[in-house]
Amino acid sequence: QVQLVESGGGLVQPGGSLRLSCAASGSIFSGNTVRWYRQAPGDQRELVARISSGGSTYYPDSVKGRFTISRDNAKNTIYLQMNSLKPEDTAVYYCNAFGYGYELGNRDYWGQGTQVTVSS
């Protein structure tokens with residue numbers, strides 16, 4: 001059973017930085033697009049970064065220029081570097097990948113989430 005485990009969240013002041021990590025117990029990230037989402041209380045889950053197997057990235061305007069997604073395939077880990085954090089970045093952050101094939105069940109996999117709080 002593949003598991004995704006996020007870490008690196010915490011409390012940071014506005015303008016600060018955090019680096020989130022998402023480690024997979026299996027090779028679900030290999031050759032796959034991986035995403036970071038966030039969800040604030042009362043809001044829908046929103047995509048904040050995406051990286052393809054080839055390294056192409058996408059960011060919505062709300063985080064472009066401040067967030068950077070990267071991957072280390074050898075470690076089955078993806079990262080989200082978040083700089084110039086704002087109070088509106090406060091949310092639970094989740095990593096996500098789709099498990100293709102019979103063994104992975106052709107379904108979405110999610111981590112348990114890591115809380116990021118930006119406050120003075």
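Which residue in β3 stands opposite E6? C22 does. This is a predicted model, where local features need pLDDT of at least 70, side-chain atom pairs count only at pLDDT 80 or more, and totals for chains, interfaces and linings use all residues. Residues are numbered from 1 along each chain as its sequence is written, and side-chain values use heavy atoms, without hydrogens and water.

**The sheet**

Strands are DSSP runs of E with at least two residues, numbered from the N terminus. Two strands pair if DSSP finds at least two bridges between them. β1 and β3 (residues 18–24) run antiparallel and are joined by four bridges. They belong to an open sheet of four strands, ordered β1-β3-β8-β7, with antiparallel pairing. β1 (4–7) and β7 (67–72) stand at the edges. Each has a single partner strand, so one side of each lacks a neighbour in the sheet. On average, neighbouring strands are turned by 15 degrees against each other, direction ignored. Such angles lie between axes, which are lines fitted to C-alpha atoms, and run from 0 to 180 degrees between N-to-C directions.

**The disulfide**

A disulfide is a covalent bond between the sulfur atoms of two cysteines. Here it is counted when the two sulfur atoms are within 2.5 Å. The structure holds one. It joins C22 to C95, with S to S 1.9 Å. C22 lies in β3 and C95 in β9 (residues 91–99), 73 residues apart. The torsion about the S-S bond is about 50 degrees, so the disulfide is right-handed.

Both cysteines are buried (under 20% relative accessible area, with a 1.4 Å probe and protein chains only).

| Cysteine | Relative accessible area |
|---|---|
| C22 | 0% |
| C95 | 0% |

Note on methods
Buried < 20%, exposed > 50% of the residue type's maximum accessible area, 1.4 Å probe, protein only.
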